Amino acid sequence: MQSYNLFYKNAVICIRKFAKKTIISDDVILKKNISDYKKLINNFLKNVNNLTIACENQEEVTEAFEKIKKCFEFQKAAGGIVFLENKMLIINKFGKYDLPKGHVEQGETDAQTALREVEEETGVTHLNIVKDCTFSYHIFSQKNKFVLKQTHWFVMTTNVWQEPNAQTEEGIEQATWISKEDIDNFKANTYPSLLEVLTYL
C-alpha cells in the first residue's frame, strides 16, 4: 500500500489510507472533503503545520497526490546511497549533510541519472546498483515559486577504495565516507526526507 510524505521545512503532508478510527482534526482531513486543493496547499505553505490527507483506498491516495502535484512545479531527480563495505558516502552542502543526487536529464533513466550524479558530485566510480530503494518528496521555494521534487533513490556499492572529490562548483563543501558509528551525526544534521529514506535500507 503506497503512501506519500511531502516534506516542507519541518512539516510534512502525509497522504495515506486511513484506519476506520481515524480522528478528524485541524491537521487531519478526509480526502473526500477537500474542495480546493490550491487553497489547502497555500494554507500549508503559509502555516507550515503537519497535514494528513486521509483516503479510503489506494485510488484516492493516488488521486490526491496527483492533484497536489498540480499545485507545484514538479521536478524529477535521482540519487544514490553508496556503500563501500561498512562505510556510506555522504556530502555536505549548504551546511547540511546530504546524499548525492541530481536532476533527471532528457533521455536518461532514473538509474542512469543516479549513477551519473554520484560520480559527478563525489568523484566515486566503479558503481553498481544493488537495490531500487524508494522515492522521497520535498517542497522548496525557487525563483518566487514552489517546487515539488521527487527523488528516486538507489542503493549502490563500489568495491574500489577512492577518496571522494567534492564537486565544489555545485556548492558541495565536502564528500566523505562515514562509518556506522557516525550515522547519528549525519541524522542530526540532515533533512527529514532523508531520514525517511534511510529507514528503507
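User: Let's start at the beginning of H1: which side-chain oxygen reaches the backbone nitrogen of Lys38 there?
Analyst: That oxygen belongs to Asp36, and the distance to the backbone nitrogen of Lys38 is within 3.2 Å. Before we go on, this is a predicted model: local features need pLDDT of at least 70, side-chain atom pairs count only at pLDDT 80 or more, and totals for chains, interfaces and linings use all residues. Residues are numbered from 1 along each chain as its sequence is written, and side-chain values use heavy atoms, with hydrogens and water left out.

User: Good to know. Which residues of H1 are buried?
Analyst: H1 spans residues 37-47, and its buried residues are Tyr37, Leu40, Ile41, Phe44 and Leu45. They lie on the same side of H1, because the arc they cover around the axis is only 130 degrees. That arc is taken from the directions from the helix axis to the C-beta atoms. Buried here means under 20% relative accessible area, exposed is over 50%, and partly exposed is in between, with a 1.4 Å probe and protein chains only. Helices (H or I, at least four residues) and strands (E, at least two) are DSSP runs, numbered from the N terminus.

User: And what's on the other side of H1?
Analyst: There you'll find Lys39 and Lys46, both exposed.

User: What covers the buried residues of H1?
Analyst: The cover includes helix H2 (58-69) and the strands E1 (4-8), E2 (11-17), E4 (51-55), E9 (127-142) and E10 (145-158). Just after H1, by the way, Val48 has a positive phi of about 50 degrees.

User: On to Lys31. Is that lysine buried or exposed?
Analyst: Lys31 is buried, at 10% relative accessible area. You'll find Lys31 in the loop between strand E3 (28-30) and H1.

User: Which side chain does Lys31 make a polar contact with?
Analyst: With that of Glu63, at 3.1 Å. A polar contact is a pair of N or O atoms within 3.5 Å; within protein, one must be able to donate a hydrogen and the other to accept it, and residues adjacent in sequence count only if both atoms are side-chain atoms. Leaving out residues up to four places away in sequence, Lys31 touches Tyr37, Ile53, Ala54, Cys55, Glu60, Glu63 and Ala64. Touching, or contact, means heavy atoms within 4.5 Å.

User: How is a pocket defined, though?
Analyst: On a 1 Å grid over the protein atoms alone, a pocket is an open set of points where a 1.4 Å probe fits, with protein on both sides within 12 Å along at least five of seven lines; lining residues have an atom within 4 Å of a point. The volume is the space filled by probe spheres set on the points.

User: And the second largest pocket: which element gives the largest share of its lining?
Analyst: That's H1, with 5 residues. The second largest pocket holds about 300 Å³ of space. Among its 15 lining residues, Asp26, Leu40, Asn43, Phe44 and Leu51 are the closest to the centre.

User: Back to His138. Where is that residue, and what does His138 touch?
Analyst: His138 sits in strand E9. Not counting residues up to four places away in sequence, His138 touches Phe7, Val147, Leu148, Lys149 and Ser193.

User: How about Thr151, buried or exposed?
Analyst: Thr151 is buried, with a relative accessible area of 0%. Its place is in strand E10.

User: Last one: where is Phe94, and what is its phi?
Analyst: Phe94 is in the loop between E6 and E7. Its phi is positive, about 55 degrees, although Phe94 is not a glycine. Phe94 counts as exposed, at 63% relative accessibility. Lys143, in the loop between E9 and E10, also has a positive phi, near 55 degrees, and is exposed at 76% relative accessibility.
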